[in-house]
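Welcome! Please have a look at the sequence and the model below, and then we will walk through some of its features together.

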Amino acid sequence: MTTLTTPGVKRGRDAARTRKRLRKIALNGTATLVFLIAMFPVYWMVSTAFKTNDQIFTTEFIPFPTSFTFEHLDRVLTEGVAGNSIWLYLRNSAIVALGTVALGAIFSLLAATAVARFKFKGRTSFLITLLVVQMIPAEALLIPLFLSVKRLGLIDQLLGLIVINVGLTLPFGIWMLRTFVAAVPKSLEEAAWIDGASRMTAFWKVLFPLVAPGLVATSIFSFITAWNELIFALVLMSPDGYTMPVALQFFFGQRGTDWGAIMASSTLMTIPVVVFFLLVQRRMVSGLVAGAVKG
Amino acid sequence: MTDTSIARRGGGSASAPSGRPRRSHRPQKASGLNPKLIPYVLLIPGLAVIAALLLYPMIQVFVISFQKVGIPQIRDVNPKPADWVGWENYTKVFENDIFWSSLRNTVSFAVIAVTLTLAVGTAVGVLLNQLSKRMSTLVIVGIMSAWAVPPVAQGVIWRWLFDAEAGIINWALNLLPDFLSNALFGRADWTGEPWTNEAFTIYLILILMVLWSSFPFVAVSVLAGLKGIPTELYEAARVDGSSPWRTFWQITFPLLKPVFAVLTILSIIWDFKVFSQLYTLMNGPTVREAFNLSVFSFSEAFKAPPKMGSGAAIAVILTIILLIVTAFYVRQMLKSEELR
């Protein structure tokens, strides 16, 4: 500890140490503040979901749900909103998101391999197209796609929504995955060829496992985009086909708002994404093939 | 033969010894397909999706913006063909006051939100870099959870925070001493203050919400960039007695310029198109003065009576603005190694 009675030299060293410690306290204090501010809205959502209405509709500040209850969760899962249980909307969202991931993964892997592994006529134009279509706002696609889907009789079909989400996520998916494919040294595949493997075998046995982390990262991106997508689901689906983002809009009625039910539903929608994301976040970063060729 | 059709990415380092015949580079079993065709075959599904779902609709929305498309054209029974009306949709849109307020909202929101997001995100990124490993991991997990919250859930949560009767913001404002609250805002009692009925307060919430949900991405990207800067540079700056502020502008900023360029352009693209959060915040296209171009286009096209043509015209204008704003970025990418 710093004692001010100690003689000169030591006092100087102690002052430096104190300054260092103060700096550390200031840094950690600011960091804690950032953490709390970032987490508070999420915490407030979850805690409201488990409070009784007495504790929700009050002008007082109740930091913890001391009257812990499952009534809101229970209510949204049985009664639900817009005529259906929240289960149905969660299921619809899951179908759309997983369908988008499955189709998108195949398409983007093929296209990314083409772009990263081959030189061909039109390659640059294709890449420019990928870049430019990402700037197009979804609202610009909404009107023509709505009219086409209506004409094709695909209104209210989850498949139609999946296909549109694949379209929305594919350009970025290819763009992202391409760098992962390019990062795998060509020599690895060539080594497999020398050992007598066919192009297909080399692709599946050598390239694919090494690109898998990239594919996971791309898939998470597609999943989150499709899970969160509001505008197309709103326009193309009727209540039985609503996804979670659309269903949440229907809680705001004329006669006051049932905040407990809304917070319970948005918790159900948010928690899977956040948990899923935090689980794979480390693998996303540590992925890639550092040292696959060079020992 | 095959070698010419294959991009040699990273292939140089461990290629076969020069003594071997070149043929051994090729897969032994021929796949039966001309190697020159392989990339095109691989591209077919992706290209088909992009053409059908992005390029074709893009042309169509342009065409529709010159047509009159309403109930008679979209009804299921005996629909009428669309009438060609020339520039009428555009002239009508330009005469509409809501268009100009939407344009103003779109641009000012983007400018403010992008600036704040980059400033706060960079500050937090620099802060994270100074923390211990355990502390920075904890903070990253916290802020990235905020980032992962779906936009619609964000809108719902922030509506609840700013709720007129039981919202925590009004509770907190009521805590202010009356004289201070009166001096600052001209009122002391905040209970019942509705925040989501008026354009100004809607955008106040929207800016806070978008800042909250997008600074983590900037912070983590900046942190990753900072980790790549050799510590010797900072030691040298410290020895020379450089202030932290000066060190940031003289060392960190120039080295991280490419990171900032990408983050800026991505933020601009995201903030120009903000839809879900705004839509949820005002519970659908309700407050006309608070529309941005996205919500205005949606409202024209899908709120009764549907005016698809004028919705399309607004969407085309928004797209053109975005393409102009991002043209610089696309050109930068074209010039760089990225595409070769």
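Let us begin with a single residue. Asn283(B) counts as partly exposed because it has 15 C-beta neighbours inside 10 Å, a number that falls between the 12 or fewer of an exposed residue and the 20 or more of a buried one. You can find Asn283(B) in the loop between α13 (276-281) and α14 of chain B. Its backbone also deserves a look: phi of Asn283(B) is near 55 degrees, which is a positive value in a residue other than glycine. Most residues other than glycine have a negative phi, and most peptide bonds are trans.

Please keep in mind that this is a predicted model. It scores ipTM 0.86 and pTM 0.86.

Ala82(A) sits in the loop between α3 (71-78) and α4 of chain A.

**A cis peptide bond in chain B**

The peptide bond that runs from Ala304(B) to Pro305(B) is cis, and its omega is near -5 degrees. Where is Pro305(B) found? Look in the loop between α14 (293-302) and α15 (308-335) of chain B.

**Chain B as a whole**

Stepping back, chain B has 15 helices and two strands as its secondary structure. Of the 340 residues in chain B, 34% are buried. Among the contacts in chain B with a separation of 6 or more, 68% are between residues 24 or more positions apart. The mean pLDDT of chain B is 84, with 89% of its residues at 70 or more. Residues 1-24 of chain B have a pLDDT below 50, and this stretch has 36 contacts in the model beyond near neighbours in sequence.

**Chain A and its domains**

Turning to chain A, its mean pLDDT is 85, and 91% of its residues reach 70 or more. Over residues 284-295 of chain A the pLDDT stays under 50, and the model has 17 contacts beyond four places in sequence for them.

The domain assignment divides chain A into domain 1 (8-72) and domain 2 (76-286). The C-alpha centres of domain 1 of chain A and domain 2 of chain A are 35 Å apart. Where these two domains touch, eight residues come from domain 1 of chain A and eight residues from domain 2 of chain A. On the domain 1 side, α1 and α2 (53-56) of chain A each supply at least two residues. The largest share of that side comes from α1(A), with four residues. By class, the domain 1 side divides into four nonpolar, three polar and one charged.

**A helix pair and a residue in chain A**

Now find helix α4 (residues 86-117) and helix α7 (residues 158-183) of chain A. Their axes come within 6 Å and cross at roughly 40 degrees. The crossing of α4(A) and α7(A) is right-handed. Their contact has 18 nonpolar, nine polar and two charged residues.

Further along chain A, helix α8 (residues 186-194) holds Ala192(A). This residue is partly exposed, because Ala192(A) has 19 C-beta neighbours inside 10 Å, whereas a buried residue needs 20 or more. Beyond its neighbours within four places in sequence, Ala192(A) is in contact with Ala197(A), Thr201(A), Ala202(A), Lys205(A) and Val206(A). Ala192(A) and Leu152(A) are 40 residues apart in sequence and 46 Å apart in space, C-alpha to C-alpha.

**Where the chains meet**

Finally, how many residues does each chain bring to the contact between chain A and chain B? There are 88 residues from chain A and 92 residues from chain B. Helix α1 (residues 8-49) of chain A gives the most to the chain A side, with 13 residues. The side of chain A that touches chain B has 63 nonpolar, 18 polar and seven charged residues.

Terms used:
Residues numbered from 1 in each chain as written. Chains lettered and ligands numbered in written order. Predicted model: local features only at pLDDT ≥ 70, side-chain atom pairs only at ≥ 80, totals over all residues. pLDDT = per-residue confidence, 0-100. Contact = placed C-beta atoms within 7 Å. Axes fitted to C-alpha atoms, helices over the stretch in contact; angles between N-to-C directions. Left-handed = near helix turned anticlockwise from the far one by under 90°. Nonpolar A, V, L, I, M, F, W, Y, C, P; charged D, E, K, R; others polar. Domains from an automatic or database assignment.
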